Amino acid sequence: MSTLTPDPSSDSTADRGSRSHRLGVTALWAGLGVVSTLLGMAAAHLVASLLTPSSSPVLAVGSQVIDLTPTPMKEWAIRQFGTADKVILVGSVIVVVLILAGVAGVLARRRLAYGAGLLVLLVALAAAAALNQGSVSELLPSLVAAVVGVASLWWLHRKASATKAADPGQPREAGTGASRRGVLIAAGALAAAAAVLGGAGRYITSLRSGNVDIALPEPASPAGAFPEGLDGQVKGITPLRVANEDFYRVDTRLDTPVIDQDTWTLTIDGDVEREITLTFDDLLEMDLIERDITLTCVSNSVGGEFVGGARWLGVRLTDLLDMAGVGDTADQIYTTDFDGMTISTPLDLATDGRDSMIAIGMNGEALPRAHGFPARMIVPGLYGFISATKWITRITLTTYAEKSAYWTDRDWATDAPIKVSTRIDTPNALEQLPVGENIIGGVAWAQQKGGVDKVQVRIDGGPWQDAEMGPSVNNDYWRQWFYRWDATEGGHAVAARAISGDGTTQTPARALPFPEGASGIQELRVTAG
């Protein structure tokens, strides 16, 4: 009598098939959680685009992350990623959310309440962030995300649970073949809906955040003729005047605020003789000044990109302060934007005769939304973190002892004049150059120090040689320069420094941006051959 023995290979094949099936089912449910969350996020983004873009759950969480991030980590991110740091932050938030959404889908396979509960918890965190950043009305997008996300998960859960597995003895859930295809088709439809809603939200936001077409009045004090720069003469050099769309932007916001100039107001209060509130039309009717001013972000590293020159139109800050009548105790101008962001400016520096202004125009156009429309503050010669409040709504005269602004609370300096600096625009670091004559060129700035008198270039640690200078615009504007270099074959070190009109030579001492601005000499390596 023969005995049948089990075939080990058959058992192994069956086990692998079972594991593969379980993994496939788990992946399917994780995907259902992700699709449900994407649809909720897209619907919320659409609603936020119609109300306040920053109330979109992802942006609200991202903004909260920015506020909670330690200063050294922020500076590291800016140095490593530049203006792409915000894109990376938003992308990271989305990745984390989608991972947790996948977990919610897997939990929903066991019990819908578990998965729905996790989604509600995620939205609650976003709602708390939105509430912390704005008003109660900004909770609506988060509420929409919760309702749409949970409803989508419920619908997909119902469809998946209503289809029988291939083996009738298995739990009632999506298995293989036609049943799984039906669930996938449903999930695909929701994913397509998410793409449409999200795209619509982005489109509406882009329309609302576009530049404003407003006819600006002629300035009472015009800037005068602007000189022709070296733009067309030196290849690769930065334009003497930077176009609005190319001007750097560094701030804590992940969106472009959309503010109605018809309802916007600017209030001046605190240690003043009389509190005043001005409308946008009030500013238009005042005497305006037009000035060419270079702005610099304190996060700008040596040779960095966060600096730019433009022509600004606005009301003298001192004219506004005179209307209110500054008291005897104030030593700080404490400014607030539409969303509660605060910046502090030393009163004595802002009113020492420099062309400080509340700007409403940039390069002959209304101030772009991305750069502070309807109005922003500009104080020449001071880094932006203590002088360039965008979307400004309030100017409070006070003392540093009484009020502490956003960056002050994070241990940045309260007095931060822009340091004399030079940037090499051409050639690029590690660039391969031909032997013979090459042009080294760039821009330099020395605000409130008589402007840039000269720039000097050093090759391979040798003596400093004077560069040829572009036109001088004014004390508060940068200056282009170039140097003709007869390069020999091999590797070379190229450095440049500026000397201001008052004789200040750019310091070689290296300093990081925190807490009062970077310093040092930019030096790069190139090869000729």
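User: How does the lining of the largest cavity divide into nonpolar, polar and charged residues?

Analyst: Rolling a probe the size of a water molecule over the atoms shows where empty space is left. In this predicted model, the lining of the largest cavity has 6 nonpolar and 9 polar residues, with no charged ones. The volume of this cavity is about 120 Å³. It is lined by 15 residues, and S301, V302, S421, W445 and A518 are the closest to its centre.

User: What lines the second largest pocket?

Analyst: The second largest pocket has a volume of about 320 Å³ and 20 lining residues, with V61, V97, L122, V123 and A126 nearest its centre. The elements giving two or more residues to this lining are α1 (8–50), α2 (57–68), α4 (85–110), α5 (112–133) and α6 (140–162). The largest share, 5 residues, comes from α5. The lining has 17 nonpolar residues, 3 polar and no charged.

User: Turning to the sheet, what is the order of its 5 strands?

Analyst: Strands of a sheet pair through backbone hydrogen bonds, either parallel or antiparallel. Here the sheet is open, with the order β2-β1-β10-β5-β6 and mixed pairing. β2 (276–279) and β6 (342–346) are at the edges with a single partner strand each, so one side of each has no neighbour in the sheet. From one strand to the next, the twist averages 20 degrees.

User: How do β1 and β2 run, and how do β1 and β10 run?

Analyst: β1 and β2 run antiparallel and are joined by 4 bridges; one pairs T267 with T277 in β2. A hairpin of 5 residues links the two strands. β1 (residues 265–270) and β10 (residues 392–398) run parallel, also with 4 bridges, and I268 has I395 in β10 as its bridge partner. Helix α9 (residues 317–324) packs on the sheet, where it touches β1, β2, β5 (332–337) and β10, and its direction makes about 135 degrees with that of β2.

Notes: Residues are numbered from 1 along each chain as its sequence is written. This is a predicted model: local features need pLDDT of at least 70, side-chain atom pairs count only at pLDDT 80 or more; totals for chains, interfaces and linings use all residues. Side-chain values use heavy atoms; hydrogens and water are left out. On a 1 Å grid over the protein atoms alone, a cavity is a set of points where a 1.4 Å probe fits but cannot get out, and a pocket is an open set with protein on both sides within 12 Å along at least five of seven lines; lining residues have an atom within 4 Å of a point. Grid points are joined across faces, edges and corners, and a volume is the space filled by probe spheres set on the points. Ala, Val, Leu, Ile, Met, Phe, Trp, Tyr, Cys and Pro count as nonpolar, Asp, Glu, Lys and Arg as charged, and the others, Gly among them, as polar. Two strands pair if DSSP finds at least two bridges between them. Axes are lines fitted to C-alpha atoms, for helices over the stretch in contact, and angles run from 0 to 180 degrees between N-to-C directions. Contact means heavy atoms within 4.5 Å.
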